[in-house]
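Hello,

Here is the structure I promised to pass on to you. Have a look at it first, and then read my notes below.

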Amino acid sequence: MDAYELLTRNAEEVVTDEEIRDLAADAAGKRAYVGYEPSGVLHLGHLLTANKLIDLQEAGMEVVILLADVHAYLNEKGSFEDIRETAEQMKAQFLAYGLDEELTEFVYGSEFQLEDDYTLDLHHLERETTMNRAQRAMAEIQGDETAKVSHLVYPLMQTLDIEYLDLDLAVGGLDQRKVHMLAREKLPELDYEVRPAIHTPIVANLTDGEGKMSSSEGITISMEDSTDDLEDKVNSAYCPPTRDPEPSEDGTERENPVLELFEYHVFPRFDEIVVERPEKYGGDLTYEDYEDLAADLESGELHPADAKGTLATYLDELIAPGREKLHELRD
């Protein structure tokens with residue numbers, strides 16, 4: 001797989017394709033980043049972007065993970081002491097998950113976001129950005145919460161992070177798109193260059209395939225889950241035998257979260273997937289390609305129960321090192 005394919009694999013959107021192609025043509029040593037609020041144990045939302053970071057490292061890029069302690073403080077995720085403790089746990093989990101330690105730099109936001117130059121640039125953006133524009137950028141992240149002034153400053157800081165971390169590429173879930181578009185609009189006002197962005201998909205809610213998987217509602221899989229817990233969650237997941245489920249009764253679009261987890265989490269990390277079945281049910285099935293597995297589920301060759309059991313096995317293998325690291329840190 002060449003650098004462009006690695007950069008764009010399982011990306012929901014790239015901005016822009018021409019810029020990504022230019023970057024891929026000379027990817028070695030270039031710097032990409034993603035920022036995370038230190039707010040708890042890593043879950044599959046974190047790990048979806050982490051899979052993309054692993055792709056970038058395979059393409060020769062260096063990865064910067066911003067442990068956004070100031071952002072977390074603004075978003076009321078605890079004291080700086082509590083946030084820093086959580087951040088150290090997250091750092092250990094990311095490395096356990098498979099990021100190359102030699103190609104991964106962890107940076108705390110407080111290391112540079114409180115400096116004079118950054119603060120003056122932030123004040124410039126505050127003067128030049130309307131409240132409506134800032135809130136639109138934050139809306140996907142903020143959800144239904146009533147906006148506070150700190151919420152409006154948050155996306156402006158994310159804009160400056162791209163410059164101050166000396167980056168060549170910004171990575172984030174699709175919910176970060178408006179922030180990255182704000183950065184492309186505002187950085188030139190400060191005589192800074194725009195950077196391309198890669199946006200990863202948002203996995204659907206496990207229960208019904210609607211909306212998105214949400215740790216705040218307790219409907220997600222995390223590195224804290226035991227093997228039994230993970231199996232229970234996957235076995236109860238919504239999994240119709242089709243890649244295009246019927247809409248819900250209220251017209252809400254559904255996805256198949258089991259297939260999404262195969263596509264975005266399992267196939268990028270394993271060369272082949274083996275579905276173990278008794279001979280009386282047709283024997284084992286081996287897949288090297290996501291499309292073949294999805295097609296077999298749709299045709300009935302692969303039963304949803306077998307798909308779920310296999311998914312749980314491979315997900316457990318992926319998160320087990322992080323689970324063990326958590327236990328070490330807590331003992």
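Predicted model: local features only at pLDDT ≥ 70, side-chain atom pairs only at ≥ 80, totals over all residues.

Residues are numbered from 1 along each chain as its sequence is written, and side-chain values use heavy atoms, with hydrogens and water left out.

**Salt bridges**

Arg330 forms a salt bridge with Glu224, with 2.9 Å between the closest N and O atoms (a salt bridge is a side-chain nitrogen of Lys or Arg within 4 Å of a carboxyl oxygen of Asp or Glu). This pair links distant parts of the chain, 106 residues apart: Arg330 belongs to helix 13, and Glu224 to the loop between strand 6 (197–200) and helix 10 (227–235). Helices (H or I, at least four residues) and strands (E, at least two) are DSSP runs, numbered from the N terminus. Glu224 is partly exposed too, with a relative accessible area of 45%.

By this rule the count comes to 20 salt bridges. Another one joins the side chains of Lys233 and Asp225, at 3.1 Å from N to O. Here Lys233 is partly exposed at 27%, whereas Asp225 is buried at 8%. Asp26 and Lys30 also meet through their side chains, at 3.0 Å from N to O; Asp26 has a relative accessible area of 46% and Lys30 has 21%. Finally, Arg133, Glu185, Lys186 and Glu189 are linked in a network of salt bridges.

**Two loop residues**

Lys186 turns up again as a contact of Thr129, along with Ala134, Leu156 and Leu182, leaving aside neighbours within four places in sequence (contact means heavy atoms within 4.5 Å). Thr129 lies in the loop between helix 6 (116–128) and helix 7 (131–142), and is buried, with a relative accessible area of 10%. A polar atom of the Thr129 side chain lies 2.7 Å from the backbone oxygen of Leu125.

Arg195 sits in the loop between helix 9 and strand 6. Is Arg195 buried or exposed? Arg195 is buried, with a relative accessible area of 12%. The side chain of Arg195 makes a polar contact with the side chain of Glu163, at 2.9 Å (a pair of N or O atoms within 3.5 Å; within protein, one must be able to donate a hydrogen and the other to accept it, and residues adjacent in sequence count only if both atoms are side-chain atoms). Leaving aside neighbours within four places in sequence, the contacts of Arg195 include Glu19, Leu167, Asp168 and Leu169.

**Cavities**

Rolling a probe the size of a water molecule over the atoms shows where empty space is left. The structure holds 2 cavities of 30 Å³ or more. A cavity is a set of points on a 1 Å grid over the protein atoms alone where a 1.4 Å probe fits but cannot get out, and lining residues have an atom within 4 Å of a point. Grid points are joined across faces, edges and corners, and a volume is the space filled by probe spheres set on the points.

Arg195 is one of the residues that line the second largest cavity, and others among them are Ile162, His180 and Arg184. This cavity has a volume of about 40 Å³, and helix 9 (residues 177–186) gives the largest share of its lining, 3 residues.

The largest cavity has about 60 Å³ of space. Its lining includes Arg9, Asn51, Asp55 and Tyr264, and helix 3 gives the most to it, with 4 residues.

**Helix 11**

Tyr264 is also one of the buried residues of helix 11. This helix (residues 257–266) is largely enclosed by the rest of the structure, because 9 of its 10 residues are buried. The buried residues pack against helix 3 (44–58), helix 5 (80–97), strand 7 (273–275), helix 12 (290–299) and helix 13 (304–330). At the start of helix 11, a side-chain oxygen of Asn256 comes to within 3.1 Å of the backbone nitrogen of Val258.

Enjoy exploring it!

Conventions. Buried < 20%, exposed > 50% of the residue type's maximum accessible area, 1.4 Å probe, protein only. 1 Å grid on protein atoms, 1.4 Å probe; cavity = no way out; pocket = protein on both sides within 12 Å on 5 of 7 lines; lining within 4 Å.
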